[in-house]
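Hi,

Here is the structure I promised to send over. Have a look at it first, and then read on for what turned up.

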Amino acid sequence: MEDDREWMYEGRIVNGMFSNEWGDKVDEFVAFALRHPECVNGGTAIRCPCTLVKCQNKKFLNVETVKVHLYKNGFVPDYYVWIYHGEKQVHQRCSSSVRVLLSETDQMVSDNMNHTTYHKMVCDAAGPEFNPDEEPNAEARNFYDMIRAGDKPVYGGNSKHTQLSTAVRMLEIKCRHRCLQAWFDDMSNFIQELLPQDNLMPLDFYSTKKLVRGLGLPVQVIHCCVNNCMIYRGDDSDLNSCKKCGHARYKQKVRGSGNRLYIRKLKVSYKKMHYFPITPRLQRLYASTATANEMRWHSEHHMEDSKMCHPSDAPAWKHFDGCFTDFSSEVRNVRLGLFADGFQSFGQSGQQYSLWPVVVTPYNLPLDLCMKEEFMFLTVLVPGPTNPKGKIDVFLQPLIAELKSLWGVGVQTYDISKRQNFQMRAALMWTINDFPAYSMMSGGVLLAQS
């Protein structure tokens, strides 16, 4: 196909008659679409890109009807990149006049990177490929500022540890050895005495957590009903008892003796779960130069010898792309897999306690990365001591709400590899479980055969 697609909007009618040359181009367009099975429905139907309201790349029609519509109505405006008909790579499609306009305004754009009305007009005319380097959005900018601030040596002349790496290492040691906060504070003060006066060592546990909190990977502690009936979030966050079984939310302590007994409510929940939001973790994959390029690997690699080496080579993946073209047209949108299983946290010989982690991993990455521990994100930690069984959906509520938001709306994310902001969306493609967990996750009942 030629790079210049101005023919789509010029030369359709010449001297009151349909142009044969324009018709030949339409035939080439239809042939191009038919060469991409993922964009063809029923073998002969493709999306109609004419200007009719009911069409506009939304309705599948047979190719002859599409041709008639195009002859009669023409192409939908600004459809230079055929993303609904199999074109994966985004190329710059603009006329020579637009290219001249861009060259004349290069200096103006570089002098003022703000999206003025004139700048926006030039970007719209040039198409999606023309996108000069953008400044990170506010959230990403705060993250990069924090990284730069924490990248200073913990003291002059030390090349092994920065202020941030020291804080992370100290917290890791505290967790691994289960040290008390008092020990952490005393050890920090002692190290302060050993270092030079102008050191950047955090003073105590509070200042260390404050520094690391800037990484923006939060955790939510959510109170639960002791009988797994509900979780206290959203409209139910202020309730003091379960609306299903009536069990109290907080523990109670009885004081006094004889006839002078009174109950004191403690602000300690009977049970609580931990939820780790997935959105900031996905954003970090695009904020790092080590992973931002790899997040587009699924669309840029080519299947070798017709052998499936990655889920993106599977027919199911391609079928999903064809069904949801508005999602698949942005290759940086994230495809997720979810898996969950229970285990005895204290071993077989210890106390019986069934703990259920729910893990999400992005499949945009190459196979050797998406199966690594670093890219398996713990999202939900379902507490014990008993198996949640059919009530596991209660604990999945915050994850489901976040996945719905990522699918329907998305979140503005900064891509360091392309130095531009984009609206990142995500889709849960599949779940991976054994049969008992599969039954629980799907709300079914698994019957064992004797």
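**What turned up around H6**

Helix H6 is followed by Arg178, and the phi of that residue is positive, near 55°. Please keep in mind that this is a predicted model.

The helix itself covers residues 163–177, which makes 15 residues. From first C-alpha to last, H6 reaches 22 Å, close to the 21 Å expected at 1.5 Å a residue.

Which residues of H6 are buried? They are Gln163, Leu164, Thr166, Ala167, Met170, Leu171 and Lys174. These residues lie on the same side of H6, because the arc they cover around the axis is only 165°. As background, an α-helix has 3.6 residues a turn, so residues three or four places apart point the same way.

At least two lining residues come from H6, and at least two from helix H8 (205–213).

Among contacts with a separation of 6 or more, 56% are between residues 24 or more positions apart. The chain exposes about 26100 Å², with carbon and sulfur atoms supplying 53% of that area.

Best wishes

Note on methods. Residues are numbered from 1 along each chain as its sequence is written. This is a predicted model: local features need pLDDT of at least 70, side-chain atom pairs count only at pLDDT 80 or more; totals for chains, interfaces and linings use all residues. Side-chain values use heavy atoms; hydrogens and water are left out. Helices (H or I, at least four residues) and strands (E, at least two) are DSSP runs, numbered from the N terminus. The expected span of a helix is 1.5 Å times one less than its number of residues. Buried means under 20% relative accessible area, exposed over 50%, partly exposed in between (1.4 Å probe, protein chains only). The arc is that of the directions from the helix axis to the C-beta atoms. Contact means heavy atoms within 4.5 Å. Accessible areas come from the Shrake-Rupley method with a 1.4 Å probe; for residues, only the protein chains shown count as cover.
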